[in-house]
Amino acid sequence: MYHFESATIKGVSSFSAEQEAQALRKAMKGFGTDEDAIIEILTKLNTSQRQQVLITYKSSIGRDLIDDLKSELSGNFERVIVGMMTPTTMYDVHELRRAMKGAGTDEGCLIEILASRTNEEIRRINENYKLQYGRTLEEDIVSDTSSMFRRVLVSLSTGNRDEGTYVDDALAQQDAQCLYEAGEKKWGTDEVQFMAILCTRNRCHLLRVFDAYRGIANKDITDSIKSEMSGDLEDALLAVVKCVRNKPAYFAERLYKSMKGLGTDDNTLIRVMVSRSEIDMLDIRREFLTMYGKSLYSFIKGDCSGDYRKVLLRLCGGED
């Protein structure tokens with residue numbers, strides 16, 4: 001498992017899957033549940049270590065750990081713990097499916113995952129989605145969304161963005177001009193142009209395009225997207241631009257919006273905390289503090305309670 005400098009959950013250098021499995025069983029057996037022990041064990045281990053415990057639990061105890069956890073825990077706390085017990089790719093797969101299943105669609109979830117994952121991550125998501133549900137992610141996106149928003153999601157779901165670092169200055173200038181002519185300069189907006197450039201060019205190239213764009217249009221590309229587009233399409237393209245510029249800042253904003261104001265968007269809060277804790281949580285914390293003048297830790301503390309709060313604070317990793 002590769003190791004991210006900016007992870008808050010790093011795992012332990014040596015552990016006994018057998019011991020941890022028995023300790024989890026003990027925490028759930030008999031009368032009452034020792035939630036603190038469960039939090040302690042699972043936040044100490046990283047995803048791949050938790051998978052080892054999952055297998056050992058079944059071979060030593062003859063029971064399914066996730067089923068046991070589900071029967072002992074409930075609510076948002078259960079969702080965090082089950083999320084932590086799910087392999088990274090499968091967690092994204094389950095979230096994408098949840099976002100499209102049933103009556104409504106959780107567009108925010110689709111946008112967040114598809115705009116922020118790397119090509120390699122998207123490739124694994126596609127593979128596992130098909131294995132899990134017997135149809136492709138693209139088929140579900142197509143049947144669940146419409147018009148230009150659908151086309152952007154389909155484009156992102158190919159995981160085919162150029163991941164090189166080469167910047168062709170002339171092309172960057174041309175792309176910027178193209179975006180200007182597709183939006184600000186004309187009546188109506190040529191949304192396909194925005195998609196073609198924003199969803200396929202490499203990151204370094206796009207940063208140059210955004211600079212050139214500011215020179216031509218006298219405003220930031222995000223301001224143009226906001227004034228030219230609306231709804232889900234606007235949200236999707238803004239997410240793409242934000243992820244290209246500064247992914248941890250994008251997630252910091254997602255977290256802030258999930259908690260600010262009345263009520264909490266638990267789906268988003270849980271997903272970001274679980275999925276980024278082993279990748280870039282320290283960076284997200286730093287951006288959060290810079291952007292909002294308060295620590296992520298203090299926000300979670302003020303917004304959540306009980307075991308749910310405890311486990312999220314452990315994923316957060318500390319106060320800034």
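Student: Is Cys109 buried or exposed?
Tutor: Cys109 has 0% relative accessibility, and buried means under 20% relative accessible area, exposed over 50% and partly exposed in between, with a 1.4 Å probe and protein chains only. Keep in mind that this is a predicted model, where local features need pLDDT of at least 70, side-chain atom pairs count only at pLDDT 80 or more, and totals for chains, interfaces and linings use all residues. Residues are numbered from 1 along each chain as its sequence is written, and side-chain values use heavy atoms, with hydrogens and water left out. At 0%, Cys109 therefore counts as buried.

Student: How many disulfides does the structure hold?
Tutor: A disulfide here is a pair of cysteine sulfur atoms within 2.5 Å. For Cys109, the nearest cysteine sulfur is that of Cys243, 13 Å away. The Cys243 sulfur has its closest cysteine sulfur in Cys199, 11 Å off, so that pair is too far apart for a bond. The disulfide count is 0.

Student: At what angle do the axes of α7 and α10 cross?
Tutor: Helices are DSSP runs of H or I, at least four residues, numbered from the N terminus; α7 covers residues 107–116 and α10 covers 147–157. Axes are lines fitted to C-alpha atoms over the stretch in contact, with angles from 0 to 180 degrees between N-to-C directions. These two axes come within 9 Å, and the crossing angle is roughly 35°.

Student: Which residues of α10 make the contact with α7?
Tutor: Contact means heavy atoms within 4.5 Å. On the α7 side, Glu107, Leu110, Ile111, Leu114 and Ala115 take part. The α10 side supplies Phe149, Leu153, Leu156 and Ser157.

Student: What span does α3 reach from its first C-alpha to its last?
Tutor: Helix α3 runs over residues 47–61, which makes 15 residues. The expected span is 1.5 Å times one less than the number of residues, and here that comes to 21 Å. Just after the helix, Gly62 takes a positive phi of about 75°. As for α3 itself, the model is close to expectation, at 21 Å.

Student: How far is the C-alpha atom of Met195 from that of Ala236?
Tutor: Met195 lies in helix α12, residues 191–200, and counts as buried at 13% relative accessibility. Leaving aside neighbours within four places in sequence, Met195 is in contact with Met148, Arg151, Val152, Ser155 and Thr200. Met195 and Ala236 are 41 residues apart along the chain, and their C-alpha separation is 9.9 Å.
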